[in-house]
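Keep the sequence and the structure in view while reading.

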Amino acid sequence: MSSSIDSNERVDPASVPQRTLYTGAKMPAIGLGTFGSDHVPPEEVAKAVLGAAEVGYRHFDCAAVYGNEKEVGESLAKIMASGVKREELWVTSKLWNDKHGEDDVIPACKKSIEDLQVGYLDLYLVHWPFPNYHPPGCPPDYHNPNAKPYIHENFMKTWRQMEKLVEMGLVRHIGTSNVTIPKLELILRDANIKPAANEMELHPHFQQPELFEYVRSHGIVPIGFCPIGSPGRPERDRTPEDTVDIEDPVIVEIAARHGIRPATLCVKWAVQRGQVPIPFSTKRRNYLANLKCTTTPPLSDEEMEAIRKIDRNCRLIKGQVFLWKENQSWEDLWDPNGVIPQ
Ligand SMILES: NC(=O)c1ccc[n+]([C@@H]2O[C@H](COP(=O)([O-])OP(=O)(O)OC[C@H]3O[C@@H](n4cnc5c(N)ncnc54)[C@H](OP(=O)(O)O)[C@@H]3O)[C@@H](O)[C@H]2O)c1
């Protein structure tokens, strides 16, 4: 699909680093995010998917709630029609929070597979561990009166259906997203099919070292969302305390040294650290740079160490719409002190 593109304008997918999952399957160590953050229309995201495949991306991070799987699926169909085999692609999708019910999981997954036109998913994640619906584009103070805390017994009912999807051959791997160590301890204890990947917020100002090491030590691949610090995130996910990774002097200085932009350095650091970043971009120049930087000479140990030190523990996607009772703080969603609040 790339014959008409200058070799400087693309990356050979075979040269992109890969990560091996516990099944032995390999996934590209970088993917394209597809969440339009409530302001990039589906057609534009779909165009980016097509363009990204032309420049060498083979991994796409999708979700039903992004509201664009049909359009993204049209692009994936075109990519496969142009000669890329299905097995060369890595397609992830996610179960949304209002589909945790035992009868809802399999139909929700089938709908994503149909919309994405892929026949099966390489990875299907439970998007959040909370079953609380909130409408797309809702304000930051939206509160669902039926919201519930994490109830492990209920989560495992959802997980059993996720396991069925693997048994049915609809999905190759299943995984978690937005979970903590206390929740993962319970899930790993009770799962018949272990999570193969965990999608979590990861960028230089939010490195989550403990959770990162925990998942890796349990053979789970960490997929890092908001790798650039999500400069285009929706208003509901912005607070005055948030810091800006791409303005950090350490990031700016190391990026300049390597002749790349701060955003691209964040992606390069992420791949070298061992997580799988899934940067979003609709601009060819940007998504190409993000892919290319995974194949250039590595950052030095000193540079990696300098970036390790700028962690600010600054969570951007706080999840406040999931709070289930009055007078709670978003920190309660993340099991402060290792305890799952009820
Ligand atoms: N599991 C979850 O709960 C969860 C939560 C959030 C996100 N995600 C996934 O993670 C993906 C990435 O997160 P995100 O989209 O919030 O944030 P992000 O990837 O950190 O940031 C995306 C922003 O960075 C800009 N950008 C990308 N590459 C650039 C470059 N080389 N130079 C300058 N600017 C650049 C993009 O603008 P341009 O388009 O102008 O390049 C876009 O505004 C999402 O799309 C989604 O797939 C998952």
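A residue is taken as near a molecule when its C-beta atom, placed from the backbone, lies within 6 Å of that molecule. The model is a predicted one. There are 30 residues around the ligand, and those that come nearest are Gly-33, Ile-228, Gly-232, Phe-280 and Ser-281. Of the elements, α9 gives the most, with three residues. By class, the shell around the ligand consists of 13 polar, twelve nonpolar and five charged residues.

The next topic is helix packing. Two packed helices are described by the angle between their axes and the distance between the axes. Helix α1 (residues 42-55) packs against helix α2 (residues 69-81) with the axes 8 Å apart and at an angle of about 25°. Angles under 35 degrees count as roughly parallel, so α1 is roughly parallel to α2. The crossing of α1 past α2 is right-handed. On the α1 side the contact is made by Pro-42, Glu-43, Val-45, Ala-46, Val-49, Leu-50 and Ala-53. These meet Glu-71, Val-72, Glu-74, Ser-75, Leu-76, Lys-78 and Ile-79 of α2. Sorted by class, the residues in the contact of α1 with α2 are nine nonpolar, four charged and one polar.

How does the other pair, α3 and α4, cross, and at roughly what angle? Helix α3 (residues 105-116) and helix α4 (residues 152-167) cross at roughly 45°, and their axes come within 9 Å. That angle makes α3 oblique to α4. The crossing of α3 and α4 is right-handed. Val-105, Ile-106 and Cys-109 of α3 make the contact with Thr-158, Gln-161, Met-162, Lys-164 and Leu-165 of α4. The contact of α3 with α4 holds five nonpolar, two polar and one charged residues.

Last comes the chain as a whole. It contains ten helices and ten strands. Along the principal axes, the C-alpha atoms of the chain fill a box of roughly 55 × 45 × 35 Å.

Note on methods: Residues are numbered from 1 along each chain as its sequence is written. This is a predicted model: local features need pLDDT of at least 70, side-chain atom pairs count only at pLDDT 80 or more; totals for chains, interfaces and linings use all residues. Helices (H or I, at least four residues) and strands (E, at least two) are DSSP runs, numbered from the N terminus. Ala, Val, Leu, Ile, Met, Phe, Trp, Tyr, Cys and Pro count as nonpolar, Asp, Glu, Lys and Arg as charged, and the others, Gly among them, as polar. Axes are lines fitted to C-alpha atoms, for helices over the stretch in contact, and angles run from 0 to 180 degrees between N-to-C directions. Angles under 35 degrees count as roughly parallel, over 145 as roughly antiparallel, 65 to 115 as roughly perpendicular and the rest as oblique. A crossing is left-handed if the near helix is turned anticlockwise from the far one by less than a right angle, and right-handed if clockwise. Two residues are in contact if their C-beta atoms, placed from the backbone, lie within 7 Å.
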